[in-house]
Amino acid sequence: MTDPLLPPRKSRRHFLKTGAALGATGLGVGSALLPRDADAADPKVLNYLAWPGNADPYVVGEFEKEHGVKIRIKEYVGGDQMMAVVNQSPPGTYDVVLADAEYMHLLKAADFIEPLNPADYALKDFWPEFQKFPLHWFDGKLYGVMIDFGYLGISYNTKAFTAKEVSSYSVLWSEKAKGKVGFFDWYLPSMGCISLSNGNRPPYDLDKAKFEGLKKKLFSLKPQASGFYTIADIFSSMTNGRALLIPGIGEWITLGLRMSGVPVDTIIPEEGGIQYTESLSIVKGTTKRDLARKFIQYTISPRGQVAMATKVDNRKSIPSMAGWKLLNETKPKEAEILRMTLKGPNVMDEYKQKKIQLRQLPQKQSIEDWNDVWSQFKAL
Amino acid sequence: MDSTAALPAKAGPHTPHRARTAGNPAALPVVLGLPVLVWQVVFFLAPLVFLIVITFWQVRSFRLEPAFVLDNWERVLGAGTFHMALWHTLKVAATNTVLALLLAFPAAYTIALRLPQRQRDLAVAMLVVPVFSSYMLRIYAWQVVLSPEGMVNTALSAVGIGPLPLLGGAFSLQVGLLTLTLPIAVLILTFALSGVDPVLVEAAENLGYRRSRVVLHVLIPAIKPAITLAATTTFLLAFGDYISPLFMTGSKPPTLSILIVDTVKSGSQWPRASVIGVSMLAVLALVFGLGRWFASRGAK
């Protein structure tokens, strides 16, 4: 029986056809106005889908020179945007993709990446904890190679708070923090930290009751909020004092600010922190598989790893012990600042203390469910 | 018209060419208007229809797929976050419209009716320049001025006051929006007041009207369509703005524009974002219609 609320089938077909035609016209007009992907198949161009800054000459210049190629980056901000780009690009548009590990299974499900031969990559140079990173393997096959990682906890203004005060997420609810808690406007790391503060381990695998508990806890933070910030605004709000505490970010923000003289630091509270990792994969159907493999090999080589760790605008931890060794030999001061010294305390300590949980997509709810809660929180 | 139409018949070798242009006076407006019409159809009407169409589509695994479902409309229009954002955006835009008119009218009155010609031209030029400068840069400048460690608070701390929470609330949001809307409102009202017949003002003054009564009973009725235009323009700009709510309040609370971005950001929900977009366009069409109705009442 026909649904009385819907138009007849013929109309619906007509509607879909019209819509698709309009869409095609729109896309046609749009693509005609965009630069042509003339060199997508150029063997001397490696097309790279990645977060901003990853094709900086400081990072890839040496590889380009050595192989006489050009790395052409298409930048995205956020895994969801990456997935949208992936789904809207014809095969052969990209050769290599940089993805956060939690999106790896979606790339695999979309049949966008191909299995890698573990023997091609110096995984034995990695810290043992990262040699078989669980989010990179499916059915015993490797699909991504970790190139860097970092921890997310609480970043804070060191003039306003002491390390002892921020040793627990409970500081976010303190009287002193009222109206001064900034939020990175991305539900995943922000809600992940609040989930940890509610005792959830792992923070993204929550049954209905725990998810309701997270919602309640998150909403109770509203009087403390100063605002919800983009990456650029996080830098300015920590610098100008709008935000004195921000959960869900880490040294990738505060290290550069601190080196510029801003009194900020990051701590992994006693309830734990979240680890993000970035990894490289070869895009299925690329005609430049060999070049793509060499690019990944370069990025996890000691030289490539030191470049990744010491990028001016975005310093990160690296998984390769060989990279650590070269960093300590060539840039000992940087190694100390980055907490990647081979003797004494270093960034692996938190991992060994089991304080770190992996950042993952929601396990029992949809992305939209979590995002809806985040939108509700913002609108309170 | 007839004499023009008769010319080609008397012309010599150029007759065919002249007949095409001068022979059919209706052709000229069509020729001149066609590019605009094509532009509007391709870049406004077609995208608008497409925007409406995709509100019925679906997203599967981050991919937009043609369908005919009402789920997007039900989910968005039934969501508390949408209601709150709609109400907040309406309040913000209405407040900004009132503030812009209250601030713009005295300024426009002074510029149009009190300043000598040369200073008037200078004032108009100074109002035009910000319209063509980067709005984003102006907002960043306000952040520097209003932040807790910014210029105002630094000055206040020198006299033992503050720091005041100037950035991140309704005050800073209105400051940001006025940066966008106020110059335009002042310009519209200035041009309108400049066009008022001075004889009307003189007549009212000769009849013993005080200046406040001249403003209320002569000037405001005389420029009612311009006031309506300034009000609707201000409302439209403030209602759809994304920059000020984002950077002057930190999205706290979100406006509809921010809600659109949030909806796309997680899950690539273009259809639901389009529902919000279409709803915004409906509100703007309603406001525009009300404005025209209000202005036309005065005209009759």
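The model is predicted: local features need pLDDT of at least 70, side-chain atom pairs count only at pLDDT 80 or more, and totals for chains, interfaces and linings use all residues. Residues are numbered from 1 along each chain as its sequence is written, chains are lettered from A and ligands numbered from 1 in the order in which they are written, and side-chain values use heavy atoms, with hydrogens and water left out.

Start with chain B. It holds 15 helices and 2 strands (DSSP runs numbered from the N terminus: helices are H or I with at least four residues, strands are E with at least two). Its radius of gyration is 26 Å, well over the 19 Å that the globule rule gives for 300 residues, so chain B is more spread out than a compact globule. The radius is taken over C-alpha atoms, and the rule is 2.2 Å times the number of residues to the power 0.38. The C-alpha trace spans about 85 × 65 × 35 Å along its principal axes. Of the 300 residues, 39% are buried (under 20% relative accessible area; exposed is over 50%, partly exposed in between, with a 1.4 Å probe and protein chains only).

Charge comes next. Chain B carries 21 positive and 11 negative side chains (Lys and Arg against Asp and Glu; His and the chain ends are not counted). The centres of the two sets lie 4 Å apart, with each charge placed at NZ of Lys, CZ of Arg, CG of Asp or CD of Glu.

Now turn to chain A. Just after H6(A), Gly199(A) takes a positive phi of about 85 degrees.

One joins Lys288(A) and Asp95(A) at 3.4 Å, N to O. These partners sit 193 residues apart in chain A. Lys288(A) is buried at 6% relative accessible area, and Asp95(A) is buried at 1%.

Arg359(A) and Asp100(A) form another, at 3.0 Å, N to O. Asp100(A) lies in strand S3, 259 residues from Arg359(A). Both are buried.

In chain B, Arg272(B) meets Asp71(B) at 3.3 Å, N to O. This pair links helix H15 to helix H4, 201 residues apart. Arg272(B) is buried at 9%, whereas Asp71(B) is partly exposed at 37%. Finally, salt bridges that share partners join Asp185(A), Lys378(A), Asp262(B) and Lys265(B) into one network.

Technical notes: Salt bridge = Lys/Arg side-chain N within 4 Å of Asp/Glu carboxyl O.
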